[in-house]
Amino acid sequence: MGAVRSFQNLLLALVLCSAAASGEASRRFWVENDTFWKDGAPFQIVGGDVHYFRIIPEYWKDRLLRAKALGLNTIQTYVPWNLHEPEPRSWEFKGFTDIESYLRLAHELDMLVMLRVGPYICGEWDLGGFPPWLLTIKPAIKLRSSDSTYLSMVDRWWGVLLPKVAPLLYSNGGPIIMIENEFGSFGDDKNYLHYLVQVARRYLGNDIMLYTTDGGAIGNLNNGSIFQDDVFAAVDFDTGSNPWPIFRLQKDYNLPGKSAPLSSEFYTGWLTHWGESIATTDASNTARALRRILCHNGSAVLYMAHGGTNFGFYNGANTGQNESDYKADLTSYDYDAPIKEYGDVHNVKYKALRRVIHECTGIPLHSLPPEIERANYGLVRLQKVASLFDVIDNISDPLKVAFSEQPLSMELMGQMFGFLLYTSEYQEKHSFSILSIPKVHDRAQVFVSCSHGVIKNPRYVGIIERWSSNTLQIPSLSCSSNVSLYILVENMGRVNYGPYIFDQKGILSSVEIDGITLRHWKMHPISLNAVRNLSKLQLIMQTTDAQASKVSIYGGSENKLRDVSLYLNEGISEGPAFYEGHFHIDSESEKKDTFISFRSWNKGVAFVNNFNIGRFWPAIGPQCALYVPAPILKPGDNVVVIFELHSPNPVLSIQLVKDPDFTCGH
């Protein structure tokens with residue numbers, strides 16, 4: 001989302017599935033007399049977003065029960081295309097991606113469902129849910145448009161997805177939806193929207209209720225609404241706005257009598273980027289805003305009811321005035337929602353919203369599910385297993401290593417997420433050289449060494465970042481041979497909202513040394529799936545005395561990103577390396593949720609029992625701990641592997657703590 005997330009459009013199908021009344025002759029959901037109707041009775045949607053892909057499947061039922069206890073009668077969730085088709089024609093519908101099981105679970109709990117099937121979802125999710133292999137198609141396709149190649153990919157995706165959800169439509173006893181999210185703030189390609197409606201009707205029939213959602217402004221509603229296709233237009237707005245003038249405007253974009261007031265994204269909190277303070281919203285103000293809707297028979301969907309976690313590399317990002325003004329989202333997607341990332345409901349916001357929902361709607365208060373226990377597993381010592389450069393041949397598939405005159409993007413290398421190492425050579429001519437990379441997405445660490453045919457302890461030079469510097473001074477090494485240049489690029493998450501969503505990663509321009517373009521590049525895709533085999537490499541290394549000194553890089557400067565860059569560019573860094581630690585759990589009953597505190601670490605990625613729990617970056621914050629759900633753990637030995645990009649904690653340890661430690665204060 002951008003700064004104005006309320007300006008949105010989504011092509012959403014509405015599936016309201018009830019576990020009761022399976023013997024009824026007819027199940028129907030529709031709009032009439034500016035009111036929602038379900039099975040012949042007026043119905044008020046009290047919904048909330050709970051995304052199945054941001055929750056460990058073992059906790060799906062727990063989170064839905066907490067949403068039900070809040071007073072919700074409806075669950076809304078996106079469907080991220082990139083999880084379900086990670087490679088062309090390779091389909092995933094198990095584990096985190098078992099959407100059918102999630103929808104059936106909601107049905108069993110007597111909750112209705114609003115399903116948001118994309119193809120674009122926004123949602124602070126990598127590339128707005130688009131699979132990144134779409135960015136490799138030549139000629140380049142235009143996302144979210146009537147581009148024929150793009151539409152053929154959407155056709156194929158929906159041709160797999162929609163038949164799976166069709167049996168779960170409300171009329172069939174289950175849930176359904178369609179989504180083209182936030183289109184009104186993106187473009188005005190009505191032919192595209194009409195096409196999505198046609199495809200939806202082809203698979204789901206004419207009885208299912210489709211609708212768009214746009215911000216409560218004329219321009220967005222003009223661009224995003226398509227009521228002539230019998231598509232319901234909902235609205236969206238900031239929680240500080242008076243909802244009823246916007247609901248009256250909504251009527252201009254619906255057929256007469258078919259404008260039930262609905263805010264399909266009522267913001268309970270907000271997103272947070274790295275380098276910012278944790279976004280919070282006042283509980284009483286949020287409750288007051290919800291009361292203005294529900295107590296006057298309006299409908300609302302809480303975004304979010306429960307945020308969850310951006311596990312792995314799936315966090316999204318935003319841009320400002322240009323694509324270089326880049327801000328990546330945190331691993332935590334807590335969102336300051338009433339149900340916290342780890343399931344807590346004993347907070348002021350949950351209680352305030354629950355009270356308003358009950359008072360305005362009369363929905364009975366369901367009992368709260370029992371608390372999920374959390375544990376302090378204490379201090380865990382780690383040891384350095386290997387430098388990245390020591391094991392590059394072990395964690396980079398030789399069949400995927402490529403050579404090219406110019407650097408290739410990560411997508412063209414088949415490296416859709418994570419890291420890519422670029423190498424080349426140049427000849428020294430001066431006491432120092434100037435390296436220039438005009439376009440790198442997103443963050444490049446630069447190393448040099450004298451060329452000896454093998455990568456051995458290259459010298460760290462500094463960082464070139466998408467959002468700040470694009471040049472770097474390289475000191476002379478006085479090599480008798482050429483100088484080898486190593487550039488490790490991190491994909492920090494693709495843009496998910498706005499005009500710059502065609503967000504390729506890696507080095508996307510030429511690379512120059514003293515104004516001369518470097519050629520003859522070798523590219524190593526780094527597979528972090530190999531972390532499970534690091535111990536077998538038996539490359540335990542000692543921290544070198546020359547780099548043992550650590551200096552605190554936590555400061556009070558308002559521009560933490562630039563401060564950290566200056567610090568690291570001075571060369572005070574051990575460089576990318578793998579660290580491993582172990583902790584023991586006595587029995588199955590001792591498995592509990594926990595958090596790993598990364599205070600005094602710098603930046604990297606963490607794995608617990610081979611599960612990628614996400615990125616950490618306490619050097620700029622604000623998140624300093626990663627959530628570890630109990631189902632990831634096991635009785636006996638549990639293994640933590642950390643890929644640290646710079647300098648580790650000075651004493652090589654982490655803390656497994658009971659209480660969330662989201663901030664990096666001291």
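Author: A quick word on terms first: two strands count as paired if DSSP finds at least two bridges between them. Helices (H or I, at least four residues) and strands (E, at least two) are DSSP runs, numbered from the N terminus. What you see above is a predicted model, where local features need pLDDT of at least 70, side-chain atom pairs count only at pLDDT 80 or more, and totals for chains, interfaces and linings use all residues. Residues are numbered from 1 along each chain as its sequence is written, and side-chain values use heavy atoms, leaving out hydrogens and water.

Reader: What is the mean pLDDT of the protein?
Author: pLDDT is the predictor's confidence in each residue, on a scale from 0 to 100. Of the protein's residues, 88% reach 70 or more. The mean over the protein is 88.

Reader: How many contacts does the model have for residues 538-572, beyond four places in sequence?
Author: A contact means heavy atoms within 4.5 Å. Over residues 1-25 the pLDDT is below 50, and that stretch has 151 contacts beyond near neighbours in sequence. For residues 538-572 the pLDDT also stays under 50, and the number of contacts there is 58.

Reader: Moving to the strands, which residue in E3 is the bridge partner of Trp30?
Author: Strands of a sheet pair through backbone hydrogen bonds, either parallel or antiparallel. Here E2 and E3 (residues 35-38) are antiparallel and share four bridges. In E3, the partner of Trp30 is Trp37.

Reader: Is strand E32 largely enclosed or largely open?
Author: Buried means under 20% relative accessible area, exposed means over 50%, and partly exposed is in between (1.4 Å probe, protein chains only). E32 covers residues 636-644, and seven of its nine residues are buried. So, with the rest of the structure around it, E32 is largely enclosed.

Reader: Which residue in E32 stands opposite Gly604?
Author: E32 has antiparallel neighbours, including E27 (residues 577-585), joined to it by nine bridges. In that pairing, Ile585 has Gly636 as its bridge partner. E29 (residues 604-608) also runs antiparallel to E32, over five bridges. There, the residue opposite Gly604 is Glu644.

Reader: How many residues apart in sequence are the parts that Cys295 and Cys360 tie together?
Author: A disulfide is a pair of cysteine sulfur atoms within 2.5 Å, and Cys295 and Cys360 have theirs 1.8 Å apart. Cys295 lies in the loop between H8 (283-294) and E11 (299-306), while Cys360 is in helix H9 (residues 348-361), so the tied parts are separated in sequence by 65 residues.

Reader: What is the angle about the S-S bond in the link of Cys450 and Cys479?
Author: The sulfur atoms of Cys450 and Cys479 are 2.0 Å apart in this disulfide. Cys450 sits in strand E19 (residues 443-450) and Cys479 in the loop between E21 (471-475) and E22 (483-490), 29 residues apart. The link is left-handed, and the angle is -85 degrees.

Reader: Which side chain has a polar contact with Ser264?
Author: Ser264 lies in strand E10 (residues 262-267) and is buried at 1% relative accessibility. A polar contact is a pair of N or O atoms within 3.5 Å; within protein, one must be able to donate a hydrogen and the other to accept it, and residues adjacent in sequence count only if both atoms are side-chain atoms. At 2.9 Å, the partner side chain is that of Thr213.

Reader: How far apart in space are Asp62 and Gly343, C-alpha to C-alpha?
Author: Asp62 is in helix H1 (residues 60-70) and is buried, at 14% relative accessible area. Its side chain makes polar contacts of 2.7 Å with those of Arg63 and Arg66. Asp62 also touches Pro369, Pro370 and Ile372, leaving aside residues up to four places away in sequence. Gly343 is 281 residues away in sequence, yet the C-alpha to C-alpha distance is 8.1 Å.
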